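Visitor: I am new to this structure and would like to learn how to read it. Please show it to me.

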Amino acid sequence: MFSNGYKFFLLVLIVCSCALSCDGRISKHQALQKSVSEFKANKVLVKNIYHPTTYNEQRIDTTLSHDYSASLKTFTDMERNIPKTVKKGSHIENHLYRLVQTELKVDYKGETIVTDIIDGDFIKRHLNYNESDWSDYNLRNVWVDQASSLDENLLSIIAEFYSVQTEHIRRFKLLITNSGKMFVTEIKTNVI
């Protein structure tokens, strides 16, 4: 029905059109693999991890037999944090330690003599620490030292801070007189 010349011409036409339609593009799978590998090579993934993840609050009210009472409200500041960066392979984890603060209210014979916020700024203000000495310390715990308070006829409060970078612990003693004067000293410890 068709001549050999026509069949040959048709065959050449099909081969040429196949050859011209193959422009060297890669498959979708190969393109995706290439794109992912380029992304990994050029981009560093950053993940923010907050400590603690949610707001925490704890209130302790203490009344002592020598007319002192103290109210300690410890809470998480959700706006400010101390960063610690950890590199893991091709990504970076930013550990953001939310600042912890304690609202302190002290009464003597029913009259308020002290109200203050205990945090890193409090310690820097009372002991003249430089920012570089104190930049990665966060409040860990605050408590009334009842035995010491009764022995000294003062209100004794212990504030414990820790370094986010090194986990080093520093303790401070706050002595409050019945007139509201406050004396802050660092307690030398070997706690790490």
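Predicted model: local features only at pLDDT ≥ 70, side-chain atom pairs only at ≥ 80, totals over all residues.

Guide: Residues are numbered from 1 along each chain as its sequence is written, and side-chain values use heavy atoms, leaving out hydrogens and water.

Visitor: In what order do the strands of the open sheet of 4 strands stand?

Guide: Strands are DSSP runs of E, at least two residues long, numbered from the N terminus, and two of them pair if DSSP finds at least two bridges between them. Here the order is E6-E7-E8-E9, with antiparallel pairing. Strands E6 (137–144) and E9 (182–187) are at the edges with a single partner each, so one side of each has no neighbour in the sheet. E7 (residues 155–163) and E8 (residues 169–176) pair over 8 bridges; Ser156 stands opposite Leu175 in E8.

Visitor: Which residues of the largest nonpolar core touch the most other members?

Guide: A nonpolar core is a set of buried Ala, Val, Leu, Ile, Met, Phe, Trp, Tyr and Cys residues joined through side-chain atoms within 4.5 Å, where buried means under 20% relative accessible area (1.4 Å probe, protein chains only). Among its 27 residues, they are Ile118, Leu155, Ile157 and Phe161. Another core, of 6 residues, lies apart from it and includes Ile82 and Tyr97.

Visitor: What lies nearest the centre of the largest pocket?

Guide: On a 1 Å grid over the protein atoms alone, a pocket is an open set of points where a 1.4 Å probe fits, with protein on both sides within 12 Å along at least five of seven lines; lining residues have an atom within 4 Å of a point. Of 15 lining residues, Leu99, Gly120, Asp121, Lys124 and Tyr137 lie nearest the centre.

Note on methods. Buried < 20%, exposed > 50% of the residue type's maximum accessible area, 1.4 Å probe, protein only.
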